[in-house]
Number of protein chains: 2
Amino acid sequence: MQRNLVVKQLLNGKNKHFTAEDLYDEMKFKKKNISLATIYNTLHSFVEKKILKLVSVKEGKAIFCTNMNNHYHFFNRKTGKLIDIPYEKIKIKNLPKPPKGTKIDNIEITINLNTKN
Amino acid sequence: MQRNLVVKQLLNGKNKHFTAEDLYDEMKFKKKNISLATIYNTLHSFVEKKILKLVSVKEGKAIFCTNMNNHYHFFNRKTGKLIDIPYEKIKIKNLPKPPKGTKIDNIEITINLNTKN
DNA sequence: ATTTGTGCAAATACTTTGCATTTTT
DNA sequence: AAAAATGCAAAGTATTTGCACAAAT
């Protein structure tokens, strides 16, 4: 059953952050038979079940994340990789009030990095 | 000349945030002849020239922005709309140090909103 | 036997590329 | 007449849909 292959790969993996295609390539490497469509569908069902987070979209690709704790990210444009920043590491003062009829769901912070000189 | 049509639409517009397709639809409505490819190419050339910002990607679509000041955003998932938050409105304490060999380019903050039941 | 879940080919959505044509120098 | 800019059809990616089949109730 293909859905279990995905679970297995996620559990064993150091894959904190990955795209659907990352997973697809790992599967191919391991000679497991699964289509990209199934990987997408599986990942999205996991997001609904709150097993995974869809953290953000960089360079046109959705990035999924196994760290379910509230946290922020560094993003290295050069390598295309995200690095977690624990929630406590960034403190925010003066949050603006949300517009009428809405409430804050969550706060995303991404610190974009460049290579030093 | 199609590139000027884009400029005109941007200037007259209350379009603080828009996708390439938003612009395409406005053009069609005004019976202006321009292809989506040209709109994409024009917008990206404006980003290079620092006339526009490519602010983020929501729901798989690139969102462009005419506000060139440093600022943050509310994002209303329900409506798909971004609302600017001026830079001074959010103060951050304790920024973590960037990883070795990198420096901070910029900080993106998105406050995701839900409808208040 | 009806409902729910699974897997993926095909369809769609978003964006970029390559190149013919026009404009500028 | 060479170089730069323009416009877009066609190509290229990323993702979702629709449906045949399987498993569970």
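Predicted model: local features only at pLDDT ≥ 70, side-chain atom pairs only at ≥ 80, totals over all residues.
Colleague: What makes chain B and chain A count as being in contact, and how many residues take part?

Modeller: Contact here requires heavy atoms within 4.5 Å, and by that test 35 residues of chain B are in contact with 35 residues of chain A. The area buried between chain B and chain A is about 3,100 Å², with carbon and sulfur atoms giving 58% of that figure.

Colleague: Why is the pair K58(A) and E108(B) called a salt bridge?

Modeller: The rule asks for a side-chain nitrogen of Lys or Arg within 4 Å of a carboxyl oxygen of Asp or Glu. The side chains of K58(A) and E108(B) meet at 4.0 Å, N to O, so the pair is called a salt bridge under that cut-off. The pair crosses between chains, since E108(B) belongs to strand β7 of chain B and K58(A) to strand β2 of chain A. Between chain B and chain A the count is 3 salt bridges, and over all chains the count comes to 5.

Colleague: How many residue pairs are in polar contact across the interface, and which strands supply the side of chain B that touches chain A?

Modeller: The rule finds 16 residue pairs in polar contact across the interface of chain B and chain A, with both residues at pLDDT 80 or more. On the side of chain B that touches chain A, at least two residues each come from β2 (53–58), β4 (71–76), β5 (81–86), β6 (91–93) and β7 (102–115) of chain B. The largest share, 14 residues, comes from β7(B). Sorted by kind, the residues of this side of chain B divide into 15 nonpolar, 10 polar and 10 charged.

Colleague: How do you know that strands of the two chains pair with each other, and in which sense do they run?

Modeller: Pairing needs at least two bridges between the strands, and 3 bridges join strand β6 (residues 91–93) of chain A to β6(B), so these strands pair by that criterion. The two run antiparallel, and I92(A) stands opposite I92(B) in β6(B).

Colleague: What makes you say how the two copies are related?

Modeller: Chain B can be laid on chain A with an RMSD of 0.3 Å by a turn of 179° and a shift of 0.1 Å along the axis. The two copies are therefore related as by a two-fold rotation axis. The same surface serves both copies, in that 100% of the contact residues of chain B recur in chain A.

Colleague: What is the make-up of chain A, taken by itself?

Modeller: The secondary structure of chain A comes to 3 helices and 7 strands, which follow one another along the sequence in the pattern α-β-α-α-β-β-β-β-β-β. The C-alpha atoms of chain A fill a box of roughly 50 × 45 × 25 Å, taken along the principal axes.

Colleague: Why are β1 and β2 of chain A said to stand at the edges?

Modeller: The open sheet in question has 3 strands of chain A in the order β1-β3-β2, with antiparallel pairing. β1 (17–18) and β2 (53–58) of chain A each have a single partner strand, so one side of each is left without a neighbour in the sheet. For β1(A), 2 bridges join the strand to β3 (residues 61–65) of chain A; as at least two bridges are required, this is therefore enough to count as pairing. Within that pair, H17(A) stands opposite C65(A) in β3(A). β2(A) and β3(A) pair in the antiparallel sense over 5 bridges, and the bridge partner of K53(A) in β3(A) is C65(A).

Colleague: What lies between the strands of the hairpin of β2(A) and β3(A), and where does the counterpart in chain B stand?

Modeller: In chain A this hairpin has 2 residues between the strands, and E59(A) takes a positive phi near 55°. In chain B, β2(B) and β3(B) form a hairpin with 2 residues between them, and E59(B) in the turn has a positive phi of about 55°. β2(B) and strand β3 (residues 61–65) of chain B pair in the antiparallel sense over 5 bridges, with V57(B) opposite A62(B) in β3(B).

Key: Residues numbered from 1 in each chain as written. Chains lettered and ligands numbered in written order. Heavy atoms only, no water. Buried area = accessible area lost by both parts, 1.4 Å probe. Polar contact = N/O pair within 3.5 Å; in protein donor to acceptor, adjacent residues only side chain to side chain. Helix = DSSP H or I, 4+ residues; strand = E, 2+ residues; numbered from the N terminus. Nonpolar A, V, L, I, M, F, W, Y, C, P; charged D, E, K, R; others polar. Least-squares fit on C-alpha atoms with pLDDT ≥ 70 in both.
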